[in-house]
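Here is a short report to read alongside the structure. Keep the view open as you go through the sections.

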Amino acid sequence: MPVDLSGPLMAAFKKAKKEYEDAVQKGDVERAKKKALECARILRQLAKYDEFNRESYIKKAKKWETLSKEVGKRRRSTVRGKPMKESSAKPENEEREEEDKFRAYIRENLIAKSKVKWKDIGGLDEVKALIMETVVISALQRPESIQPWKGILLFGPPGTGKTLLASAAAGSLNATFFSVKASSVLSKYFGESAKIISALYEVAREEAPSIVFMDEIDSLTTKRSGEQSEASRRMLATLLTELDGFQDKKSDRLILTLAATNTPWDLDEAILSRFPRRIYVPLPDRKAAKEIIRINTRGLDISKLDLDAIAEESVKRLYSGRDLKNLCQAAVWNMIREENPDLHKLAELPYEKLRRRSLRTRPLEMRDFEEAFKRIKSPLTRKDIERYEKWAEEFGG
Ligand SMILES: Nc1ncnc2c1ncn2[C@@H]1O[C@H](COP(=O)(O)OP(=O)(O)OP(=O)(O)O)[C@@H](O)[C@H]1O
Ligand SMILES: [Mg+2]
């Protein structure tokens with residue numbers, strides 16, 4: 001019978017954790033690193049003994065491993081050469097520990113790996129070109145007065161490819177991709193959200209080239225509600241300071257912030273002024289719609305389809321890229337169900353047997369799409385679109 005070692009291991013973990021905390025208190029970075037790694041090692045052993053809590057132990061172990069890398073890395077405490085005002089009166093050790101915690105949080109939760117490439121995006125040629133140019137300029141040798149954009153605002157109706165564009169920018173550049181939803185940082189880290197933002201840009205500088213994608217930036221605006229919380233006010237102020245900060249003179253250090261919103265009219269001057277480039281990401285036109293249909297039916301035979309007719313209908317119905325993707329999926333499912341009527345019965349087969357079978361397919365036909373059109377409804381009206389167009393005319397560019 002295996003011996004249960006979880007008791008002694010737990011005691012060893014507690015001891016190592018205490019020693020880690022002592023080391024942090026004393027500012028002994030080397031020892032703190034060692035102890036953090038020890039904690040991780042013990043947790044990994046515990047994971048072996050405790051099948052039931054395995055995942056949770058491994059997750060904790062990873063946290064300690066990240067922490068061991070973060071210990072002792074200090075925030076650059078100067079902005080434009082002046083020392084930064086310390087906002088809290090916490091003892092230095094405690095503050096250091098707190099910073100390490102935030103940096104670990106950033107590395108664990110906000111860095112995403114992006115595999116999206118430019119060719120996965122239909123239409124939006126101008127936006128793609130602008131982002132590519134920005135990326136290229138940042139990498140080229142150039143006179144000091146020529147600087148790439150630090151921030152680009154993407155605005156437009158839901159589902160038009162804003163998030164996709166940011167992922168493609170990061171994916172094609174192999175940049176570190178930080179994906180941040182302003183509202184969720186606020187709700188999760190309420191009072192500390194400003195610190196999360198400065199830790200975020202600090203890690204972004206270290207990991208450059210970096211793309212910071214700030215989604216739902218409108219949730220930080222002061223315009224929408226008079227009683228905007230102190231926390232979001234501070235978070236916004238920190239973000240604006242980061243966007244104002246000096247451009248790194250080193251030529252290959254791209255840190256591009258792409259912000260996205262569905263409600264650009266809610267943004268106030270403070271935010272807008274940091275994003276001189278504001279790009280309208282509109283609903284797909286016919287040509288773009290065709291491209292998006294092609295992208296979403298890759299690997300299937302579409303020679304029998306009248307793509308022009310499908311594209312035209314989807315433009316008429318004010319479909320977004322997301323609606324088009326759903327349309328294609330629905331059409332594909334219509335075909336699959338027709339060709340494999342007993343699909344649900346196969347659910348009883350063991351997985352290994354299923355792996356040996358293949359799905360029957362046939363070329364997509366117009367009737368698959370006709371059915372699908374009935375199911376996909378755009379939430380937008382002409383009036384909504386006019387509002388975006390008007391804002392784009394007045395403030396875009
Ligand atoms: N231009 C496009 N080309 C290819 N696919 C697209 C395009 N636009 C949208 N899609 C599809 O729709 C999905 C949703 O798009 P995305 O998340 O980028 O929209 P969004 O503009 O960020 O929307 P939201 O404002 O709701 O966040 C994508 O994952 C993609 O499958
Ligand atoms: Mg999005």
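## A strand and its partners

Ile152 stands opposite Leu258, a residue of strand S7. Please bear in mind that this is a predicted model. The pairing between S4 and S7 (residues 255-261) is parallel and is made by 5 bridges.

S4 also pairs with strand S8 (residues 277-280), again in the parallel sense, and here 4 bridges are found. If you look for Leu154, you will find that its bridge partner in S8 is Ile279.

How many residues of strand S4 (residues 151-155) are buried? The count is 5 of 5, so the strand is mostly covered, since buried means under 20% relative accessible area.

In a regular strand, side chains alternate between the two faces of the sheet. For S4, Gly151, Leu153 and Phe155 lie on one side, with Ile152 and Leu154 on the other. Both of these faces are covered, and the residues named on them are all buried.

Is Lys63 partly exposed or fully exposed? Lys63 counts as partly exposed because its relative accessibility is 45%, and that class lies between the cut-offs of under 20% for buried and over 50% for exposed.

Note on methods. Residues numbered from 1 in each chain as written. Chains lettered and ligands numbered in written order. Predicted model: local features only at pLDDT ≥ 70, side-chain atom pairs only at ≥ 80, totals over all residues. Heavy atoms only, no water. Buried < 20%, exposed > 50% of the residue type's maximum accessible area, 1.4 Å probe, protein only. Helix = DSSP H or I, 4+ residues; strand = E, 2+ residues; numbered from the N terminus. Pairing = 2+ DSSP bridges.
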